[in-house]
Amino acid sequence: MKFNTKIPKHLKQAYNEELKQYSFCIENKQFGNAWFHLERSHIIGQSYPVEHTYSHWLMLKFGFRQKDTKEVLGQMIRLIVGGWKSFINHVPLGNTGGANVPPLKRMPIPNDIEKLLYIE
């Protein structure tokens, strides 16, 4: 069984760039774009416990900010189970992480992210 503990450097850079874009959008009240970048951060980091959990934490905070009860409840559940699923490498690749999609549903991975995921 493979255990994921540390995100590779090239993925960490891409993950951090998505979080930077998220913060910029939040500061400029571009909430739709902010969510888009959170979803991308989730896709990039979902196989790594720290990044996966942090993406869900930000999604929870976003849900509170938007007063979205469904998102808040969905993220609470995902925070409980997401990190350990990453650790044991059992995540549905491509899943965007929001409460609007089933937590175990595999989804298409955007082409630019897919290229990053398969760099050795």
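This is a predicted model: local features need pLDDT of at least 70, side-chain atom pairs count only at pLDDT 80 or more; totals for chains, interfaces and linings use all residues.
**Exercise 1. Find the partner of lysine 12, and describe where the two residues sit.**

Step 1. Look for the pairing. The side chain of lysine 12 meets that of glutamate 51 in a salt bridge, 3.1 Å from N to O.

Step 2. Lysine 12 is in helix α1 (residues 9–27), and glutamate 51 is in helix α3. The two are 39 residues apart, and the pair links distant parts of the chain.

Step 3. Check the cover on lysine 12. Lysine 12 has a relative accessibility of 30%, so lysine 12 counts as partly exposed.

Step 4. List the surroundings. Helix α3 spans residues 49–65 and holds glutamate 51. Beyond neighbours within four places in sequence, glutamate 51 is in contact with Ile7, Lys12, Tyr15 and Gly45.

**Exercise 2. Trace the salt bridges of arginine 40. Which residues end up in one network?**

Step 1. Start with glutamate 18. Its salt bridge with arginine 40 has closest N and O atoms 2.9 Å apart. Glutamate 18 is in helix α1, arginine 40 is in helix α2 (residues 31–45), and 22 residues separate them.

Step 2. Move to aspartate 112. The side chains of arginine 40 and aspartate 112 also meet in a salt bridge, at 2.5 Å from N to O. Aspartate 112 lies in helix α5 (residues 111–117) and arginine 40 in helix α2, so this pair ties together parts 72 residues apart in sequence.

Step 3. Compare the cover. Arginine 40 has 12% relative accessibility, so arginine 40 counts as buried. Glutamate 18 is buried too. Aspartate 112 has a relative accessible area of 41%, so aspartate 112 is partly exposed.

Step 4. Join the pieces. Salt bridges that share partners join Glu18, Arg40 and Asp112 into one network.

Step 5. Not counting residues up to four places away in sequence, arginine 40 touches Glu18, Pro110, Asp112 and Ile113.

Step 6. Check the total. How many salt bridges does the rule give? The count comes to 3.

Why can such pairs form at all? Side chains of opposite charge can pair when their charged atoms come close.

**Exercise 3. Examine lysine 29 and lysine 67. Where do they lie, and are they buried or exposed?**

Step 1. Read the backbone angle of lysine 29. Its phi is positive, about 55°, although lysine 29 is not a glycine.

Step 2. Locate lysine 29. This residue lies in the loop between α1 and α2. Its relative accessibility is 64%, so lysine 29 counts as exposed.

Step 3. Turn to lysine 67. Here, too, phi is positive at about 55°, and the residue is not a glycine.

Step 4. Locate lysine 67. It is found in the loop between α3 and α4. Exposed means over 50%, and lysine 67 reaches 74%, so lysine 67 counts as exposed.

**Exercise 4. Identify the residues of a nonpolar surface patch.**

Step 1. Name the members. Phe64, Leu73 and Met76 make the patch.

Step 2. Give its area. The patch covers about 300 Å².

Step 3. Leucine 73 is found in helix α4 (residues 69–87).

Definitions and conventions
Residues are numbered from 1 along each chain as its sequence is written. Side-chain values use heavy atoms; hydrogens and water are left out. Helices (H or I, at least four residues) and strands (E, at least two) are DSSP runs, numbered from the N terminus. Contact means heavy atoms within 4.5 Å. Patches are made of residues with over 30% relative accessible area and no salt bridge: like charges are joined within 9 Å, nonpolar side chains (Val, Leu, Ile, Met, Phe, Trp, Tyr) within 5 Å. Accessible areas come from the Shrake-Rupley method with a 1.4 Å probe; for residues, only the protein chains shown count as cover. A salt bridge is a side-chain nitrogen of Lys or Arg within 4 Å of a carboxyl oxygen of Asp or Glu. Buried means under 20% relative accessible area, exposed over 50%, partly exposed in between (1.4 Å probe, protein chains only).
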